[in-house]
Each structure stands twice: as C-alpha cells, then as structure tokens.
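The sequence and structure come next.

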Amino acid sequence: MKMPQQAFPAIGHVFHSSGKQDYYRSLLQVQNPNQYYVITEEDINRLFLEFEAKGVTHSHKRSVEYIITMFLKEATKENNGRYIFTMKDLKEYLTLIRQSYSPSFYRKNITYLKKLFRIAGIDLAESLKAPTELNVDLTIVTVDDIKSLIQLVDSLHISNRFEDWKRDQFITAMLLMAVSGMRVSELERIPLKEIDIENRRIRLNTHQTKTRQSRVVFFTYEVQELLEDYIR
C-alpha cells in the first residue's frame with residue numbers, strides 16, 4: 001500500500017515484516033497481533049552497542065538515547081517486556097515531532113529509528129525517508145543578543161544568584177564559542193593549557209570534535225584579553 005507523500009512525507013511504502021517480526025508477534029497476547037510491530041530490549045541494546053563500537057562522542061550517544069527513549073514512551077506500549085506499536089502510532093508520533101520540533105531534530109528521529117527498525121527486523125526502515133529539503137532557520141545571533149545575555153548574567157551576579165567565578169566562566173566560554181564557532185561539547189574537552197592564547201587559536205583533535213575531524217579555530221583580540229584575565 002502506498003502512502004500519500006503529501007499527507008505524510010516520511011513514509012513512502014508500507015511493508016509488513018516477516019521472520020523476526022513474525023516470531024515476536026506469535027508471543028504477543030493481544031487481539032490482531034499482525035497489526036503490531038515489536039521492539040525488544042535486545043534490539044535497543046544492539047543499537048546502543050553499534051554507536052558504542054563507532055566511538056561516537058558522549059553527547060552524540062546521549063542524543064540517540066534521548067530520541068529512542070522518547071519514541072518508546074510516546075509511540076509504543078509495553079507487552080510482556082516488549083515494546084509494540086502500530087503504523088498509526090508511528091505516523092502520529094512522527095507528525096507530532098515534525099510539528100513540535102526543529103527540522104534537524106525530526107531528521108535525527110528518522111535516522112535513529114531507521115537503525116533501530118533494521119535491527120528489529122521491521123521493514124518500515126526502508127519506508128522512512130527524511131525530507132531532502134528542510135525549512136532553514138534564518139535566526140542569527142547578533143552582537144546585541146550577546147550584549148543582552150551578558151547583561152542578564154550581570155544582573156544574576158548582582159543579585160547573588162551567580163557567583164564571581166561562575167559569571168567569569170560563563171561569559172568567557174560564551175564569547176569564545178561565539179567567535180570561534182566551537183560547540184559546547186568541544187569546548188569542554190579542551191584543557192586550558194592547549195589553548196594557544198598568544199596566537200589566538202585552538203587546535204581541536206579528532207577525539208574532541210563531533211565530526212571526528214581535527215580542525216583549528218581562531219578567536220579575536222577581545223577574547224584573547226578576556227582569556228588572559230580569566231586565567232589570572
């Protein structure tokens with residue numbers, strides 16, 4: 001059965017899986033078991049093992065765990081230690097994600113669910129397609145935005161809700177990321193001694209970047225002075 005693309009672009013064709021899924025269904029104690037797709041704890045553990053074996057970053061692994069946990073909570077119900085869902089459940093869940101979250105988060109859901117479905121023997125993995133073109137978020141961070149954030153931090157500091165060291169650390173880290181383009185997960189992996197303050201640059205090694213590709217980033221004279229003050 002072919003699903004209307006304009007009604008639900010993520011699903012192209014609908015397949016009923018055989019083999020592994022047939023065995024899972026034979027163990028269900030529900031009416032019309034053939035309408036259900038089944039995921040086991042073993043399937044989930046195998047998915048996490050794949051990412052572990054690839055050596056993905058901790059933040060990446062946490063992202064996968066969050067998306068899978070969210071799917072299991074919102075789109076499935078438990079049946080004798082297994083998670084079951086119907087085509088209708090999946091469609092409603094993906095519609096909710098597409099309407100409530102960013103296009104990039106929707107795309108991540110499609111990517112990780114496809115991997116889980118392949119492991120579980122669910123043929124829907126071949127039917128899920130992330131949109132080739134997504135709405136682009138044109139929001140940009142301006143100098144005024146950064147000034148406003150600094151003012152907010154200063155007000156929290158004045159009201160004794162931010163300690164001195166926390167204020168200094170937050171503003172230094174925020175401005176360093178703003179001018180260099182580093183992610184939070186990248187900055188937190190860099191020992192202070194590896195920051196070349198004199199030449200205003202930072203070399204990110206493969207184990208420090210999300211993409212596993214080394215690169216060099218640079219920062220401004222203003223941030224250089226801020227870093228020197230922070231270190232003192």
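## Burial and overall make-up

Of the 232 residues in the protein, 34% are buried. The model is predicted, and its secondary structure consists of 9 helices and 6 strands.

## Helices α7 and α9

Helix α7 covers residues 164-180 and helix α9 covers residues 221-231; the two pack with their axes 10 Å apart, at an angle of about 150 degrees. Angles over 145 degrees count as roughly antiparallel, so α7 is roughly antiparallel to α9. The crossing in which α7 passes α9 is left-handed.

On the α7 side, the contact is made by D168, Q169, I171, T172, L175, L176 and V179. On the α9 side, V223, L226, L227 and Y230 take part. By residue class, this contact between α7 and α9 comprises 8 nonpolar residues, 2 polar residues and 1 charged residue.

## S180 in helix α7

S180 belongs to helix α7. Is this residue buried or exposed? S180 has a relative accessible area of 15%, and the cut-off for buried is under 20%, so S180 counts as buried.

The side chain of S180 reaches two backbone atoms. One is the backbone oxygen of L176, at 2.7 Å; the other is the backbone nitrogen of M182, at 3.3 Å. L176 is also one of the α7 residues that make the contact with α9. When neighbours within four places in sequence are set aside, S180 is in contact with V217 and F218. Strand β6 spans 215-218.

## H207 in the loop between β5 and β6

H207 sits in the loop that runs between β5 (201-204) and β6 (215-218). Its relative accessible area is 47%. Buried requires a value under 20% and exposed a value over 50%, so H207 is classed as partly exposed.

Which residues does H207 contact, leaving aside its neighbours within four places in sequence? They are R189 and R212.

Methods: Residues are numbered from 1 along each chain as its sequence is written. This is a predicted model: local features need pLDDT of at least 70, side-chain atom pairs count only at pLDDT 80 or more; totals for chains, interfaces and linings use all residues. Side-chain values use heavy atoms; hydrogens and water are left out. Axes are lines fitted to C-alpha atoms, for helices over the stretch in contact, and angles run from 0 to 180 degrees between N-to-C directions. Helices (H or I, at least four residues) and strands (E, at least two) are DSSP runs, numbered from the N terminus. Angles under 35 degrees count as roughly parallel, over 145 as roughly antiparallel, 65 to 115 as roughly perpendicular and the rest as oblique. A crossing is left-handed if the near helix is turned anticlockwise from the far one by less than a right angle, and right-handed if clockwise. Contact means heavy atoms within 4.5 Å. Ala, Val, Leu, Ile, Met, Phe, Trp, Tyr, Cys and Pro count as nonpolar, Asp, Glu, Lys and Arg as charged, and the others, Gly among them, as polar. Buried means under 20% relative accessible area, exposed over 50%, partly exposed in between (1.4 Å probe, protein chains only). A polar contact is a pair of N or O atoms within 3.5 Å; within protein, one must be able to donate a hydrogen and the other to accept it, and residues adjacent in sequence count only if both atoms are side-chain atoms.
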